[in-house]
Amino acid sequence: MITALIIDDEEDLGLLLKEYLVKRNIDVYISQTLENARFLLNQIKPNIIFIDNNLPDGSGWSNAPEIALQHPSAYIFLMSGFHPTPPQMPEKVKYLVVEKPLSYEQLNEVVSSIQ
C-alpha cells in the first residue's frame with residue numbers, strides 16, 4: 001500500500017489533500033508540526049511526503065534535505081503559498097516545488113508515477 005504524509009499546519013488543506021489521496025487508495029497521515037512529523041516519518045516510512053515551508057515549529061523546507069536523505073525513495077512535494085528559494089536537495093531525490101493552492105493536475109501526475 002502507498003502511504004503519504006502531509007506536513008502542513010493548514011488543517012483544511014490537509015483534510016482536502018487527504019480526501020483526494022484516500023480516493024486513490026493511498027493511506028494518509030497528517031502532521032501539523034515538524035516534531036510530530038519526525039515521529040511519523042520513522043513509524044510509517046511514507047512513499048509521498050507533502051511538506052509546507054512555514055510550520056509552527058520551524059521551516060519545513062530547511063528540513064526537507066535531511067528528510068529526503070532518510071527517505072530516499074519518497075516523492076517529496078515542497079509546498080508554499082509564497083515564492084521562497086528551494087533548498088539544495090540531495091541528488092536523485094524525486095521532488096517538486098508546488099505553489100499553493102495545489103492543482104489536481106500536479107497531484108494526478110505524481111500519484112500516477114507512484115502507483
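Author: Lysine 92 is exposed, because its relative accessible area is 80%; exposed means over 50%, buried under 20%, and partly exposed in between, with a 1.4 Å probe and protein chains only. The model is predicted, so that local features need pLDDT of at least 70 and side-chain atom pairs count only at pLDDT 80 or more, whereas totals for chains, interfaces and linings use all residues. Residues are numbered from 1 along each chain as its sequence is written, and side-chain values use heavy atoms, with hydrogens and water left out.

The backbone at lysine 92 has phi near 65°, a positive value in a residue other than glycine. This lysine belongs to the loop between β6 (75-80) and β7; helices (H or I, at least four residues) and strands (E, at least two) are DSSP runs numbered from the N terminus. Asparagine 25 likewise has a positive phi in a residue other than glycine, near 60°. Its place is the loop between α1 (11-22) and β2, and asparagine 25 is exposed, with a relative accessible area of 59%.

Read from the N terminus, the order is β-α-β-α-β-β-β-α-β-β-α.

Helix α2, residues 34-44, has Leu34, Ala37, Leu40, Leu41 and Ile44 buried. They lie on the same side of α2, because they cover an arc of only 115° around the axis, the arc being that of the directions from the helix axis to the C-beta atoms. The face turned away from this buried side carries the exposed residues Glu35 and Gln43. Among the elements that cover the buried residues of α2 are the strands β1 (2-7), β2 (26-31) and β3 (48-52), as well as helix α3 (60-70).

Strand β1 contains threonine 3, which counts as buried because its relative accessibility is 10%. Threonine 3 and isoleucine 44 are 41 residues apart in sequence, yet their C-alpha atoms are 7.4 Å apart in space. Leaving aside residues up to four places away in sequence, threonine 3 touches Ile26, Asp27, Tyr29, Ile44, Pro46, Asn47 and Ile48, where contact means heavy atoms within 4.5 Å.

For the chain as a whole, 58% of the contacts with a separation of 6 or more join residues 24 or more positions apart. Of the 115 residues, 46% are buried. The radius of gyration is 13 Å, which agrees with the value near 13 Å of a compact globule with 115 residues; the radius is taken over C-alpha atoms, and the globule rule is 2.2 Å times the number of residues to the power 0.38. Along the principal axes, the C-alpha atoms fill a box of roughly 30 × 25 × 25 Å. The chain exposes about 6500 Å², of which carbon and sulfur atoms supply 49%; accessible areas come from the Shrake-Rupley method with a 1.4 Å probe, and for residues only the protein chains shown count as cover.
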